[in-house]
Amino acid sequence: MNQDQWTAVDRYFTELLAPADEALAATLADSTAAGLPEIAVAPNQGKLLNLLVSMCGARSVLEIGTLGGYSTIWMARALPADGRMISLEYNPAHADVARANIARAGLEKVVEVRTGAALDTLPELQTEGAGPFDFVFIDADKVNNPNYVAWALKLSRPGTVIVVDNVVRGGAILEAETDDPAVTGTRAMFELVSREPRLDATALQTVGVKDYDGLLLARVVA
Ligand code: SAH
Ligand code: DHB
Ligand code: MG
């Protein structure tokens, strides 16, 4: 098993089950052209998020970490016509690219991209009375993963589903002594989730075009 094989199998799945349409392909092309890092979820992971949102019957989604809006579009497409999605993005240049991609996908009435550090915009959402959200996808600066899970809980209801991306990072998650803040942040997030009686959770390792990584999946129980 190696990266070439994981990539080939992902391509096989993607062609059959999660083929790109014009809006998704243009989202990735324009993101790359604008110099954004190529770190969006894989197509079959985007489709997983889309299926999870629809399996939950979610009417509202909160995303932390928009980039060019690729995962945003996958999730927003699973919402009903009167659904609502808010995606939080620190980098104004990323947010601009995302808004254009979201508009081209015909989702500008469903999705709001809000610019700012999520730890500033999340309290704003609470003050505005936004939420509770039915589904939360956390995919921003990994050092803040414990803060983002805590905020997701504040903006949740029993039954809300929370997904955290990139929780394995090639196995780095096991490096208890590391000073990599992404790893210490994600380990602190796992400890928080394991102790939090309001959350029931599991985590999965994944391989594919995005190498060896994983997802945490949690459900708010109370
Ligand atoms: N969810 C996207 C990928 C997100 S990449 C997708 O799969 O398509 C992570 C994004 O989080 C980047 O755009 C980065 O600018 C943003 N980010 C980093 N720190 C942040 C912060 N403090 N608040 C909000 N967004 C942040
Ligand atoms: C990185 C961030 C991501 O959200 C991701 O899915 C892959 C890589 C990164 O910062 O390197
Ligand atoms: Mg990610």
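## Strands 2 and 3 and the sheet around them

In this predicted model, strand 2 (residues 84-89) runs parallel to strand 3 and pairs with strand 3 over five bridges, where strands (E, at least two residues) and helices (H or I, at least four residues) are DSSP runs numbered from the N terminus, and two strands pair if DSSP finds at least two bridges between them. Within this pairing, methionine 85 stands opposite valine 111 in strand 3.

The open sheet is built from seven strands in the order 3-2-1-4-5-7-6, with mixed pairing. Strand 3 (111-115) and strand 6 (199-208) are at the edges with a single partner strand each, so one side of each has no neighbour in the sheet. On average, neighbouring strands are turned by 15 degrees against each other, direction ignored.

## Helices across the sheet

Helix 1 (residues 3-17) lies across strand 6 and strand 7 (211-220), at about 110 degrees to strand 6, while helix 7 lies across strand 1 (60-64), strand 4, strand 5, strand 6 and strand 7, at about 170 degrees to strand 4. These angles run from 0 to 180 degrees between N-to-C directions, with axes fitted as lines to C-alpha atoms, for helices over the stretch in contact; contact means heavy atoms within 4.5 Å.

Aspartate 139 belongs to the loop between strand 4 (135-138) and helix 7 (145-154), and asparagine 166, 27 residues apart from it, to the loop between strand 5 (161-165) and helix 8 (181-195).

## Surroundings of ligand 1

Ligand 1 is surrounded by 22 residues, the closest being Gly65, Ser71, Glu89, His94 and Asp139, where a residue counts if one of its heavy atoms lies within 4 Å. An oxygen atom of ligand 1 lies 2.9 Å from a polar backbone atom of valine 41, and a nitrogen atom of ligand 1 lies 2.9 Å from a backbone N or O atom of alanine 118.

## Basis of the values

Residues are numbered from 1 along each chain as its sequence is written, and chains are lettered from A and ligands numbered from 1 in the order in which they are written. Local features need pLDDT of at least 70 and side-chain atom pairs count only at pLDDT 80 or more, whereas totals for chains, interfaces and linings use all residues; side-chain values use heavy atoms, leaving out hydrogens and water.

Conventions
Polar contact = N/O pair within 3.5 Å; in protein donor to acceptor, adjacent residues only side chain to side chain.
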